[in-house]
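Subject: Handover of a structure and its findings

Dear colleague,

Please find below the structure that I am handing over to you. My findings follow directly after it.

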Amino acid sequence: MNPASDLPRTEEQVLAEFRGSGALLEGHFKLSSGKHSGHYLQCARVLMNPARAARLAQAVVAGLPDEIVENVDVVVSPAMGGIIIGHEIGRVLDKDAIFLERPEGTFHLRRGFALEPGSRVLMVEDVVTTGLSSREAIAAIAREGGEVIAECALIDRSVGTVDLGVPFYPLAAFDFPTYDADSIPESLASVDITKPGSRKE
């Protein structure tokens, strides 16, 4: 395990991890939230190196309060984006890491995954923008018999404005502007749209 002094903790250090792996993209992107942006953080790329993924997971866990760390029973992530970072956070916490899927549009556990009644869950995401996917995943955990006691993420694109209904601990927050479809600036509207996320239209 890396010493705490070697972990990326500041926004600039985290952004350097994305830049260094070619994971900070520029263009015109339609995000999973439906909003548009000139920047996209491709977490799959920043996490493709196992050593970097482990280091980022350690940094996320280092930012969690002790009472959260001590009470987690299981780590759960929404597929697809949260799977890798969720697995790595599970490794740091020495807890099982499972994931939710929504092949028909609603999150639920598959592949034999199940929660013990009352399980205390740490929800793990890669990027949170509007929090829609997170809130849907948190609701799914309640249906599955668990309780989300907190959520953590690599990146908070809402810069602290999102309300998930549970304590939220992102590693870093970036203020890349996002726009609704009817308010895209001309400079962005003139660029062809790319939709890099995993959510279906």
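R91 and E88 are 3 residues apart in helix α5 (residues 83–93), so about one helical turn separates them. Helices here are DSSP runs of H or I with at least four residues, strands are runs of E with at least two, and both are numbered from the N terminus. The two side chains form a salt bridge, with the closest N and O atoms 3.1 Å apart. A salt bridge means a side-chain nitrogen of Lys or Arg within 4 Å of a carboxyl oxygen of Asp or Glu. R91 counts as exposed at 54% relative accessibility, whereas E88 counts as buried at 10%. Buried stands for under 20% relative accessible area, exposed for over 50%, and partly exposed for values in between, with a 1.4 Å probe and protein chains only.

Please note that this is a predicted model, in which local features need pLDDT of at least 70 and side-chain atom pairs count only at pLDDT 80 or more, while totals for chains, interfaces and linings use all residues. Residues are numbered from 1 along each chain as its sequence is written, and side-chain values use heavy atoms, with hydrogens and water left out.

Salt bridges elsewhere

A search of the whole structure finds 9 salt bridges. One of them joins R52 to E17, with 3.3 Å between the closest N and O atoms. Because R52 lies in helix α3 (residues 50–62) and E17 in helix α1 (residues 11–20), this pair ties together parts that are 35 residues apart in sequence. Both R52 and E17 are buried, E17 having a relative accessible area of 13%.

E17, R52 and R55 are linked in a network of salt bridges. The side chains of E17 and R55 are also joined by a polar contact of 2.8 Å. A polar contact is a pair of N or O atoms within 3.5 Å; within protein, one must be able to donate a hydrogen and the other to accept it, and residues adjacent in sequence count only if both atoms are side-chain atoms. Leaving aside residues up to four places away in sequence, E17 touches P8, V46, R52, R55 and L56, where contact means heavy atoms within 4.5 Å.

A further salt bridge brings together the side chains of R120 and D73, at 3.1 Å from N to O. R120 lies in strand β6 and D73 in the loop between α4 (66–71) and β3, so the pair ties together parts that are 47 residues apart in sequence. R120 is partly exposed at 31% relative accessibility, and D73 is partly exposed at 33%.

Strand β6 and its neighbours

Why is strand β6 described as largely enclosed by the rest of the structure? The reason is that 8 of the 9 residues of β6 (residues 120–128) are buried. Strand β3 (residues 74–78) pairs with β6 in the parallel sense over 3 bridges; two strands pair if DSSP finds at least two bridges between them. V76 has M123 as its bridge partner in β6. Strand β7 (residues 147–156) runs parallel to β6 and is joined to it by 8 bridges, and the bridge partner of M123 in β7 is E151. From β6 the chain crosses through helix α6 (residues 132–143) to β7 in a right-handed β-α-β crossover. Right-handed means that, with the strands pointing away from the viewer, the path from the first strand over the helix to the second runs clockwise.

Yours sincerely
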